[in-house]
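Reader: I'd like to go through this model and ask what backs up each label. Can you show it to me?

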Amino acid sequence: MFQFGTISHIGARELCGYSIRLLGGLLIGLNARMTDALAADPTEIGIGYLRRAKVEQTLSLVEQPAADDGIAGARLAIEDNNTTGKFLNQHFTLEEIRLKEGEDAAKVAIALADRNIAFIIADLPADQLLKAADAIRDRGTVLFNAGATDDRLREEDCRANIFHIAPTRSMLADGLAQYLVWKQWKRWLMVVGSHEQDKLLADALRRAASRFGARIVQERVFEDTGGARRTDSGVTLIQRQMPVFTQQAPAYDVLVAADESEVFASYLPYRTWDPRPVAGSAGLIPKSWDAAQDQWGAVQMQNRFLKLNSRHMTALDMQAWTAARMIGEATSRVNSGDRKAVVDFLKGPDFSVAAFKGQRLTLRPWNQQLRQPILLADGRMVVSVSPQEGFLHQVSELDTLGVDQPETKCKLH
Amino acid sequence: MWRLCLLTGTAFWGTAFWLAGTLPADAFLAYVSNEKSNTVSVIDTDQWAVVKTIKVGQRPRGIEFTRDGKFVLVAVGDDDTIQMIDTATQEVVDTLPSGPDPELFIQDKAGKVLYVANENDNTVTLIDLTRRARMGDVQVGVEPEGMAISPDGKILINTSETTNMAHFIDTETRQIVANVLVGSRPRFAAFKSDGSELWVSSEVGGTVSVIDPVKHVVTGKITFEIPGLRKEAIQPVGIGITPDDKTAFIALGPANRVAVVDTASHQVVKYLLVGQRVWHMAFTPDNKFLLVTNGVSNDVSVIDVAALKVLKTIQVGELPWGITIAKP
C-alpha cells in the first residue's frame, strides 16, 4: 500500500519528478518479496467463532465470566492479524455465532461451512464439538477447539479436522502435580464434586499423583445438594460447614479440590480444619493464562487486550486469541488464505506460534494438541509455570504435561 | 629489616593504586539500564567496576549515547518518555516526547533524529533531537521493538514481535518500502558496517535471519545447537558485529551463552558461557572488549573479543537490560 503525503503546489517539473518516484516506488514494490500482491484486492480470510449457549456461574463474584469471554480474545487476534495483514495484502474477519439453548452445533457449523468459512474457532462442550466436526469433515473446514478440556477428544475421540488449543485436564493436573511435588507437598487430601466433570478432573489428578510421586491420603466427596450459589448472608454457614467437612483427615500437606461445577472449592481456602493450602479448582489453580501473567513480554499482550476489551484477559480469551493467531501465522508463512495450504502448514514441521509463555508452542503431531506451559495462579499472582525444572523428556519438556505419544489412544483419521 | 620491607611495599602498592586511579587514555564508561531497579549503572572499563548508580524513571530499557557523547538517552517505558542523562554531571536533565511505552530507539547518523519503537501503539515515533520535539510517526506491525539504520543512513529498520517482520522504512519519505518475514518474535536488528547484510534475531523462533537489504529477501538462517540444552531455551536477542564485519556475537537469552558466529560461513564457532538470561551487548570503542547484560543474574560479563574468552563478571542493578559505551 502506498501512503501518499499531502501534495500542494505541484508544478510540471515536480509532477514529473513525483511520477518518476511513483514509478520507482512501484518497481521497488514489485521487487519486494512481500508486496507483490498489493496491486490486487486483499485476500479475505473469514474465521468463524462458535460459542456455547450458556456461561456457567462461578462461586466467586470476581471470577464470573464476562458475556464476551473467549470471543474478546479472538477479536483482538483478528486486529493483530489485520495489522500484519496490511503488509501481506490479507484481511481477516470474524463471524461470531452464539448457539441458542438446545440448538444443534452441527447445523450451525454446516451453515458456516456453506458460506465458505474454512476455519472455525469453537468454544463448545465435547459432544457438540464432535458433532460439529463430523458434520463438516468432508468440506475441508477445520475446527480450533478453544474451550473443551476433555482428554477423550485427544485420545479415543480424536479427529483429524480439530486442532486443540485448550489444554487437557491431564495437562492442567500434571502442571499442578509437578509443582506440588517440587514443593514436597506430596500428601494430598482430595475432595471431589458429585458431577461428571468433577470426576473427570479427579481422574486426571489421580493419574498425575501417581505419575509424579504424590500420594492421595484420602478422598472425600462433596455432594451437590442444590440451592442458590450466592445468598446474602450465607457465609456464616459456610464458615461452619467447611471446617467440619475437612476435619479428621489423615496427615496431609495440601487439599486438592476437583470442583469444575463450582459448588464448593472456592469455599475451602482458609476454612480447612487443618491449616493447609488448597489447590486445583480453588487456591492454586492451573490454567493456560491469567491476567496476572507478566513474564516474557506478556504485559504487551495484557495491555492490548485491556485497551480493546476494557477488562482483564482470561484463559479462555487467550486460548481463542492463540487459535486465531495460529491461523494468521500460517497465512503469513504460506502467503496465502488457501485452506489446504494453511492446514498443511499447521500440520507440518515448521509451524510454531509465540504466545507470551517463554517458548514457542508447537502441535503434537499424533493428536494435534497445542503443547504449552501451564501457569499456576492464585488469583493475584502467577506463582509458578510448569513444566517444572527437573522433569525431563526426550522430545520436548512440554510433553511431560498430559498424555504422551507412547500412551496415546488417538489414531487420526 | 621488616620496616624497610614495609616501606618499599607501601611505596610500591601506593604507586600502583595511584596509577590505577588515574584513567589512562583508553578507559571508557559503560551505562547499563536496570529494568527492575529503575537505575542506570555506570561501569568504568579500566577498573571493571560500577562507579556510579543513577536513579532514572520506571522500567529503563533502551539506552544509547548521543552521537556527540554529551548525553545518554534512556527509554523509561512505564513513564512513557525518554530521559536524557548529562554525561558531564551524570544526572537526568531533560525528557523527550517519545510516545507511549518506548523500548528501543536509534539515532540517525547526524544525531539529529531519534526513531523510537512504541510497543503498545504499533508505531515508530520520530523525534527532532535539537528541538526535543515530536516530528511524526510511521505505522508498523504489532509490537515494534528492534531498530537499526543502514550505514548509508537511507533505510530505517524496525522489527515487529507479533507480526514477525522486519520493516524497511525510507528515512527521507518515512514510508515503508519493504517488509520481510522472519522467524517468530524478532527482537533485534543489526547491519554489517559495509551494509551488505541485515541480521535479525528471532527470540521464539530460535534463529537469526540474514537478509539481503537490497533484494529484501532472507538469504540465510543461523541456527544454534548446544549439547544437553533443550532447543526451546535458545532464544537469540542482542546482536553485535565487529567493525571488520568478520565476527558476530549473538546473545542467546536463557541459554546463558553468547554465540560467536563467523559471518562468512554463518556457522557458530564457539559458545561463551556468561550469566543468566543474556540480553544485549556493546563493544568498547576500541573494540577490545564486548560487554553483555545478564538479566536474571543481575550482572554484566566482559568478553575479550580477540581471545574469545569471558574475563570478568560485574554486579549491577536488578534485571540489567541495555548497555552503551563511550569515552568519558
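Predicted model: local features only at pLDDT ≥ 70, side-chain atom pairs only at ≥ 80, totals over all residues.

Reader: What makes up the contact between chain B and chain A?

Author: Chain B puts in 25 residues and chain A 19 residues. On the chain B side, strand β15 (residues 176-181) gives the largest share, 5 residues. Strands (E, at least two residues) and helices (H or I, at least four) are DSSP runs, numbered from the N terminus. That side of chain B divides into 8 nonpolar, 11 polar and 6 charged residues. Here Ala, Val, Leu, Ile, Met, Phe, Trp, Tyr, Cys and Pro count as nonpolar, Asp, Glu, Lys and Arg as charged, and the others, Gly among them, as polar.

Reader: Why is Glu262(A) called buried?

Author: A residue is buried if 20 or more other C-beta atoms lie within 10 Å of its own, exposed if 12 or fewer, and partly exposed in between, with C-beta atoms placed from the backbone. Glu262(A) has 20 C-beta neighbours inside 10 Å, so it counts as buried. Glu262(A) also has a positive phi of about 60 degrees although it is not a glycine, and lies in the loop between β8 (254-258) and β9 (278-280) of chain A.

Reader: And what makes Leu308(B) partly exposed?

Author: Leu308(B) has 15 other C-beta atoms within 10 Å, so partly exposed is the label. Leu308(B) has a positive phi too, about 55 degrees, in the loop between β26 (299-304) and β27 (309-315) of chain B. For context, most residues other than glycine have a negative phi, and most peptide bonds are trans.

Reader: Which peptide bond in chain A is cis?

Author: The one joining Ser386(A) and Pro387(A), with omega about 15 degrees. Pro387(A) sits in the segment after β12 (382-386) of chain A.

Reader: How do you know that strand β12 of chain B is largely enclosed?

Author: 6 of the 6 residues of β12(B) (residues 144-149) are buried, so the rest of the structure largely encloses the strand. β12(B) runs antiparallel to β13(B) (residues 155-160), joined by 4 bridges; two strands pair if DSSP finds at least two bridges between them, so these two do pair.

Reader: What makes the largest nonpolar core a core, and where does it lie?

Author: A nonpolar core is a set of buried Ala, Val, Leu, Ile, Met, Phe, Trp, Tyr and Cys residues joined through C-beta atoms within 7 Å. This one has 112 residues, and those touching the most other members include Ile120(A), Phe144(A) and Leu205(A). Helix α9 (residues 315-334) of chain A gives the largest share, 10 residues. Domain 1 (43-167 + 290-372) and domain 2 (169-225 + 233-286 + 377-413) of chain A both give residues to this core, so it lies between them. The domain bounds come from an automatic or database domain assignment.

Reader: How confident is the predictor in chain A?

Author: pLDDT is the predictor's confidence in each residue, from 0 to 100. Chain A has a mean of 90, and 89% of its residues reach 70 or more. Over residues 1-10 of chain A, though, pLDDT stays under 50.

Key
Residues numbered from 1 in each chain as written. Chains lettered and ligands numbered in written order. Contact = placed C-beta atoms within 7 Å.
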